[in-house]
Amino acid sequence: MSEKVPQKDSRASFAKRIDPKKEPLTPEQVAFIRRVELEQWKKNCQKLRGRNIFTGLAIGGLVLGIYGYTFYSVSQEKFLDELEEEAKEARMRAPKTSAN
């Protein structure tokens, strides 16, 4: 196995943490922070866009499925046809009057 060698404590200026509330920032530091934040936002935005597209397609598919099923089930219902036939027969059996 490889032996782990303790690394030296790096005090490089580029790795130094800066608290913007306590220390004034140079314009270069502000520009760098904004650029890094923008890159992080773009990376997260691409992930969210993919999730949003998937969610939209799933909801749209569900809506179309319900819509299609509703049309399918309504087309199979025959109770209105039966009611119309009964009404037609009742009219035929009813006595004829001058009002009919």
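Guide: The UniProt record, an unreviewed entry, places the feature "transmembrane region" at residues 52-72; UniProt positions are given in the numbering used here, feature names are shortened, and annotations may be inferred rather than shown by experiment. This is a predicted model, in which local features need pLDDT of at least 70, side-chain atom pairs count only at pLDDT 80 or more, and totals for chains, interfaces and linings use all residues. Residues are numbered from 1 along each chain as its sequence is written, and side-chain values use heavy atoms, with hydrogens and water left out.

Over residues 52-72 the chain is 100% helix and 0% strand, with the end C-alpha atoms 30 Å apart. Helices (H or I, at least four residues) and strands (E, at least two) are DSSP runs, numbered from the N terminus.

Tyr67 and Phe71 both belong to helix H1 (residues 27-76), where they are four residues apart, about one turn of the helix. The ring centres of Tyr67 and Phe71 are 4.9 Å apart and their planes stand at 70°, so the pair is edge-to-face.

Tyr67 counts as exposed at 53% relative accessibility, and Phe71 is exposed at 52%. Here buried means under 20% relative accessible area, exposed over 50%, and partly exposed in between (1.4 Å probe, protein chains only). Val36 lies in helix H1 and, at 32% relative accessibility, is partly exposed.

Key. Phe/Tyr/Trp six-rings, centres within 6.5 Å; stacked < 30°, edge-to-face > 60°.
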